[in-house]
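Here are some notes to read alongside the model. Take the points in order, and keep the viewer open while you go.

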Amino acid sequence: MSRFSAKWSAVVSLVAVGFSVFFFCEYLIYFPTILKCAWPKIHHHTRGGESNDGQPLDSTLRAMVLSDTHLLGAVGGHWFDKLRREWQMERAFQTALWLLKPEIVFILGDIFDEGKWSSPKDWDDDVRRFQRMFRHSSDTELVVLVGNHDIGFHYEMDWFKLQRFEKVFNATSTRIVTSKGVNFLLVNSVTLHGDGCPICQSVEKELLRLSRDLNCSLQNMPSGSSNVHCGDFQSYPPTPPILLQHYPLYRVSDASCTGQDAAPPEERHLLFREKYDVLSKEASQRLLQWFKPRLILSGHTHSGCEVLHDNKYPEISVPSFNWRNRNNPSFILGSFTAGSYALSKCLLPEESTVIGLYCSAGAFLLFLLLAHCLWVKGLLQCLSLCLLGKHKSL
């Protein structure tokens, strides 16, 4: 009876240890990591009035920014890799929503990995999984930008792919989102090749209109002013925009990038290709001249970087949110007002840490199993000797 009891006691102990490690690595680990993150504080400047959406101009907007989720598709994604990565992103996103409570979340493109070639059936399945993973309450607005993996690189994109993306997310790919007096300019950067393609011409025309509207709003002209350049225009809060897009503005390489989530040292000096890794010089300069943004947020490279264009336009490249693309994903927390902003970075659990925990737990369980087996073997030997001694005495 004691042998049977010891056996099941050992089994229960091993299962309990294994389950505890699994539960921590797959669920609890996100809580202590994200609890270290906090919304950055900014200094408020006294300004009166209200924005176009009725909010005080000085109220702070809490925005969470992530990029390159790359949900695997039906062609190139192994089922376990897909299951693992989607579970990690879902748990990280849902934990961040619960602990940080952002008012708006931006995803800077490459939502899907195979949107550029997925069939209608596969596309619907990818969208369903995305909506499950990134579900959110009505208190949080989710804003999604388009990337090259969603509609294809410039030479692969067409109206069908672009319109099905816009239909799913119920918005045009180039537009302005305004909240609490802050203008966020969303740009379909895949189209900015300047080669006169029909989609490119449509997006460029819309960008010119938005530039005119923003610049006229910044002039804050009284009604009835006779300015032939403005005339009738859509009014926005009179503040320079935050520019969000998938491709980074032109830079030579990531050589000047530093930090935990920067590209590996051996990759930082690799030269970027215009219109593939980054926007062209011409497209980048046009955006800066048209909009004069106070901040640019971009993705695509899967690594973090901070760049200052023309010594006055800061750009932050946001790393990939998918552990498939890097060992240490992260996202940006931003506090925005009409006149200022502050950013902080929230690092997520490292894949190497999780693997190390599993390996350590496996080694510990193996040690317990061996120790138990040796203990049982020793116990059996003692019992055998005792029984043998009694037999001889008889």
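**Notes on the model**

1. Let's begin with a single residue. D310 counts as partly exposed, at 44% relative accessibility. Please keep in mind throughout that this is a predicted model. D310 sits in the loop between β8 (305-309) and β9 (313-317). Its phi is positive, about 55°, although D310 is not a glycine. For background, most residues other than glycine have a negative phi.

2. You will find K180 in the loop between β4 (175-179) and β5 (182-187). Is K180 buried or exposed? K180 is buried, because its relative accessible area is 16% and the cut-off for buried is under 20%.

3. Now step back to the whole chain. The protein chain has 9 helices and 11 strands. Of its 394 residues, 49% are buried. Consider next the contacts in the chain with a separation of 6 or more: residues 24 or more positions apart account for 73% of them.

4. Which residues of α8 are buried? They are A283, S284, L287, L288, W290 and F291. An α-helix has 3.6 residues a turn, so residues three or four places apart point the same way. What covers the buried residues of α8 includes strands β5, β6, β7, β8 and β9, together with helix α7 (198-219). Just after α8 comes K292, with a positive phi of about 45°.

5. Another open sheet has 5 strands, ordered β3-β2-β1-β10-β11, again with mixed pairing. At its edges are β3 (141-144) and β11 (341-347), each of which pairs on one side only. Neighbouring strands of this sheet are turned by 20° against each other on average, direction ignored. Strands β1 (residues 61-66) and β10 (residues 330-336) run antiparallel and are joined by 5 bridges. To see how the two strands line up, find L61, which stands opposite F336 in β10.

6. Helix α3 (residues 79-100) packs on this sheet and touches β1, β2 (104-107) and β10; its direction makes about 165° with that of β1. Helix α3 also has a helical neighbour, α4 (residues 120-133): the two axes come within 9 Å and cross at roughly 35°. Which residues meet there? From α3 come K82, E86, M89, E90, F93 and Q94, and from α4 come R129, R132 and M133. By class, this contact has 3 nonpolar, 1 polar and 5 charged residues.

7. R324 deserves a look of its own. This residue is in the loop between β9 and β10, and R324 is partly exposed, with a relative accessible area of 39%. Leaving aside residues up to four places away in sequence, R324 touches L72, G76, D81 and R85. R324 and E351 are 27 residues apart in sequence, while their C-alpha atoms are 9.3 Å apart in space.

8. Finally, look at the open space. In general, rolling a probe the size of a water molecule over the atoms shows where empty space is left. How much space lies in the largest pocket? The largest pocket holds about 500 Å³. It is lined by 25 residues, and the closest to its centre are E267, F272, H300, T301 and H302. The lining divides into 8 nonpolar, 10 polar and 7 charged residues.

Definitions and conventions
Residues numbered from 1 in each chain as written. Predicted model: local features only at pLDDT ≥ 70, side-chain atom pairs only at ≥ 80, totals over all residues. Heavy atoms only, no water. 1 Å grid on protein atoms, 1.4 Å probe; cavity = no way out; pocket = protein on both sides within 12 Å on 5 of 7 lines; lining within 4 Å. Points joined across faces, edges and corners; volume = space filled by probe spheres on them. Nonpolar A, V, L, I, M, F, W, Y, C, P; charged D, E, K, R; others polar. Helix = DSSP H or I, 4+ residues; strand = E, 2+ residues; numbered from the N terminus. Buried < 20%, exposed > 50% of the residue type's maximum accessible area, 1.4 Å probe, protein only. Pairing = 2+ DSSP bridges. Axes fitted to C-alpha atoms, helices over the stretch in contact; angles between N-to-C directions. Contact = heavy atoms within 4.5 Å.
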